[in-house]
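Here's a quick briefing to read alongside the model. Have the sequence open, and we'll go topic by topic.

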Amino acid sequence: MNPPPTPAKKAGNAWISLLVDYAPLLVFLGAYWWFKPSGDHEGIGVIIAVTKSTGAFIVASVAALLISKFRLGKISRMLWLSTIMVAGFGGLTILLRDPFYVQIKPTVLYLFFGSVLLVGWWRGKALLQWLLEAAFEGLDDAGWLKLSRNWGFFFFVLAVLNEALRLSVDFGTWLALKVPIFSGISFLFTFAQLPMLLKHGLAAEAKVEEETTLPPP
């Protein structure tokens, strides 16, 4: 009889999953601050920096797909859709040299996922399970349905928050605030779901996977 997987292996996969989700964004941030001219917030230097960092973002996103395929053995539908949007809006940014498309991409992505999940919930279908291609051990259908509903509303909150931030600050400030703000509230929201999921049968050993499941950046 083969031995069961060790917790260390699960933890290792969780870290790889986080890397796949967030490394492309960190590459984009690092490239932008590397190429951005000092003291320039809205001039041609910023546009050049955004164009170069967007190219790095697209390359890193494709690399993340390959890592997910060969290290995790799969590419989730959510990751596919997120990467397609990165490539699409990133291509527009490079072609038109307009940072607007970088800033609007998260809003469109959040509205898309939120709409899909809430329409599915309204029709009695837990589409979050389809998007993530994840089956948390022991979680019943009602738990999946509630989780889809909750994430659907939360994606709309993220869309509104991104627009408020985009319209109130310059590009550099938006970029600096986006990661800590969105990552922080996403982690808090994810942890807040655990009591409900455990009530609906989520097995204790599945908590590691749930704790590291976050929305796309």
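In which helix is Lys 199 found? Lys 199 sits in helix H7, and we'll come back to it below. Before that, some ground rules: this is a predicted model, where local features need pLDDT of at least 70 and side-chain atom pairs count only at pLDDT 80 or more, while totals for chains, interfaces and linings use all residues. Residues are numbered from 1 along each chain as its sequence is written, and side-chain values use heavy atoms, with hydrogens and water left out.

**Overall make-up**

- The chain has 8 helices and 0 strands, with helices (H or I, at least four residues) and strands (E, at least two) taken as DSSP runs and numbered from the N terminus.
- Read from the N terminus, the order of elements is α-α-α-α-α-α-α-α.
- Of its 217 residues, 45% count as buried; buried means under 20% relative accessible area, exposed over 50%, and partly exposed in between (1.4 Å probe, protein chains only).

**Empty space inside**

- Rolling a probe the size of a water molecule over the atoms shows where empty space is left.
- A cavity here is a set of points on a 1 Å grid, over the protein atoms alone, where a 1.4 Å probe fits but cannot get out, and lining residues have an atom within 4 Å of a point.
- Grid points are joined across faces, edges and corners, and a volume is the space filled by probe spheres set on the points.
- By this rule there are 3 cavities of 30 Å³ or more.
- The largest cavity holds about 110 Å³ of space; it is lined by 14 residues, and those closest to its centre are Phe 28, Phe 57, Val 102, Lys 105 and Pro 106.
- Helices H1 (7–35), H2 (44–72), H3 (77–96), H4 (100–122) and H7 (171–199) each give at least two residues to that lining, with H4 supplying the largest share, 4 residues.
- By type, the lining of the largest cavity splits into 10 nonpolar, 2 polar and 2 charged residues; Ala, Val, Leu, Ile, Met, Phe, Trp, Tyr, Cys and Pro count as nonpolar, Asp, Glu, Lys and Arg as charged, and the others, Gly among them, as polar.

**The salt bridge**

- Side chains of opposite charge can pair when their charged atoms come close.
- The structure holds 1 salt bridge, meaning a side-chain nitrogen of Lys or Arg within 4 Å of a carboxyl oxygen of Asp or Glu.
- The partners are Arg 166 and Glu 163, whose closest N and O atoms are 2.6 Å apart.
- Arg 166 and Glu 163 are 3 residues apart in helix H6 (residues 141–168), so about one helical turn separates them.
- Both ends are tucked away: Arg 166 is buried at 16% relative accessibility, and Glu 163 is buried at 18%.

**Contacts across the sequence**

- Back to Lys 199: at 73% relative accessibility, Lys 199 counts as exposed.
- Gly 30, found in helix H1, is partly exposed at 42% relative accessibility.
- Gly 30 and Ala 56 are 26 residues apart in sequence and 9.6 Å apart in space, C-alpha to C-alpha.

**A loop residue to look at**

- Arg 97 lies in the loop between H3 and H4 and counts as partly exposed at 49% relative accessibility.
- Its phi is near 55°, a positive value in a residue other than glycine.

Key:
On a 1 Å grid over the protein atoms alone, a cavity is a set of points where a 1.4 Å probe fits but cannot get out, and a pocket is an open set with protein on both sides within 12 Å along at least five of seven lines; lining residues have an atom within 4 Å of a point.
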